[in-house]
Amino acid sequence: MARLLSTLLVLGLLGGTAAAFAVTEHLKLVRSPILRTQVDKVFSPVCRCSTAKARIHFQLRRADRVTLSIEDGDRRIVRTIVAGHAVRRGGFGRYWDGRDDSGSVVPDGVYKPRVHLSHQHRTIVLPNPIRVDTKPPRLTVLGWIPRGHVLTPDRNFRHERLEVRYRVTEPAHVILYVDGRRRSRSRSQQQTGVARWFGRVNGRGVPAGAYRITLAARDLGGNLSRLVRVGTVFVRYVRLPHAVYRVKAGTRFGTHVLTDSPGIRWQLGKRSGIGRSRLVLRAPQQPGRYTLTVSVGDREAHAVVVVEPGP
């Protein structure tokens, strides 16, 4: 009798295992009622930016009544976004603002969307984690060039760009501001890199003068770091130290040209040539007023040369 009972017990266990296996295999063959899920991976509900909400979107194979909730890492529901909402077959989506049912911002961490389908008596936790991140990154300026803090965007290929080396505590886009206006943004989100500005706006060199440079970093969630001061860069072009030169006809005269370029194009009356930052020119033979033009790259400077009769 005992042997018979043991045999029956073993057969029962084997039968139960086979039935469970069959049910499991059947469930594997049953298509999920939800497909094509699209869920934002990270966002900041306090950033006041385009990523202040997380988008949750999926498609239903057939119409149902949907309850969409958000659960935390302990599988507790912290927010019910919709409850018993009639949804047709096809696409369905909502946004989560990162707050719980009481209206408070949830703690930083990982959350998941939970979908309950009333007609099908199924609850599915979407395998798409959402990370809530409200802490801004920290950015450090490691150094910058050009030396002397002088930028000359005159297309002579010397001192044409500002480069600021930085480090960020987490992946983020780094933004460079000039006098408080955004002028460049890093393409990648690497934690170390170089922010660049070429001294141009809409393809044209900015006017000569002093410009205040600052950096900030915006992380994946949209949090913006505090502004970090880099320094002041001075934009300069080719210049002549005097507006008027008085010389005798046919005599030589010299002038400095303020520029970073070793080569300078010049024109005085009908004569022209190429010189260096220290120009020595011959005045025209005929008295009168002439224009002296010096140019470097796409920039020019002008002065009046008053030629007086010679001795």
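In this predicted model, the strand that gives the most to the lining of the largest pocket is S15, which supplies 5 residues. Strand S15 covers residues 192-197, and together with S13 and S14 it belongs to the strands that each supply at least two residues of that lining. The volume of the largest pocket is about 220 Å³, and among the 15 residues that line it, those closest to the centre are Arg-185, Ser-186, Arg-187, Val-194 and Ala-195. Sorted by class, the lining comprises 6 nonpolar, 6 polar and 3 charged residues.

Two of the strands that contribute to this lining, S13 and S14, also take part in an open sheet of 5 strands, whose order is S11-S19-S18-S13-S14 and whose pairing is mixed. Strands S11 (150-151) and S14 (181-185) stand at the edges of this sheet, and because each has a single partner strand, one side of each is left without a neighbour in the sheet. In general, the strands of a sheet pair through backbone hydrogen bonds, in either a parallel or an antiparallel sense. Here S13, which spans residues 172-178, pairs with S14 in the antiparallel sense over 4 bridges, and the bridge partner that Tyr-177 finds in S14 is Arg-182.

| Residue | Loop between | Relative accessibility |
|---|---|---|
| Thr-152 | S11 and strand S12 (162-168) | 5% |
| Val-206 | strand S17 (204-205) and strand S18 (209-219) | 7% |

Why do Thr-152 and Val-206 count as buried? The cut-off for a buried residue is a relative accessible area under 20%, so Thr-152, at 5%, counts as buried, and Val-206, at 7%, likewise counts as buried.

The surroundings of the two residues can be described through their contacts, leaving aside in each case residues up to four places away in sequence. Thr-152 touches Arg-158, His-159, Glu-160, Arg-236 and Asp-260. Val-206, for its part, touches Trp-197, Gly-199, Arg-200, Val-201, Tyr-211, Val-235, Tyr-237 and Arg-299. Arg-236, which is one of the contacts of Thr-152, lies 30 residues from Val-206 in sequence, while the C-alpha to C-alpha distance between Val-206 and Arg-236 is 9.5 Å.

Definitions and conventions: Residues numbered from 1 in each chain as written. Predicted model: local features only at pLDDT ≥ 70, side-chain atom pairs only at ≥ 80, totals over all residues. Heavy atoms only, no water. Pairing = 2+ DSSP bridges. Buried < 20%, exposed > 50% of the residue type's maximum accessible area, 1.4 Å probe, protein only. Contact = heavy atoms within 4.5 Å. 1 Å grid on protein atoms, 1.4 Å probe; cavity = no way out; pocket = protein on both sides within 12 Å on 5 of 7 lines; lining within 4 Å. Points joined across faces, edges and corners; volume = space filled by probe spheres on them. Nonpolar A, V, L, I, M, F, W, Y, C, P; charged D, E, K, R; others polar.
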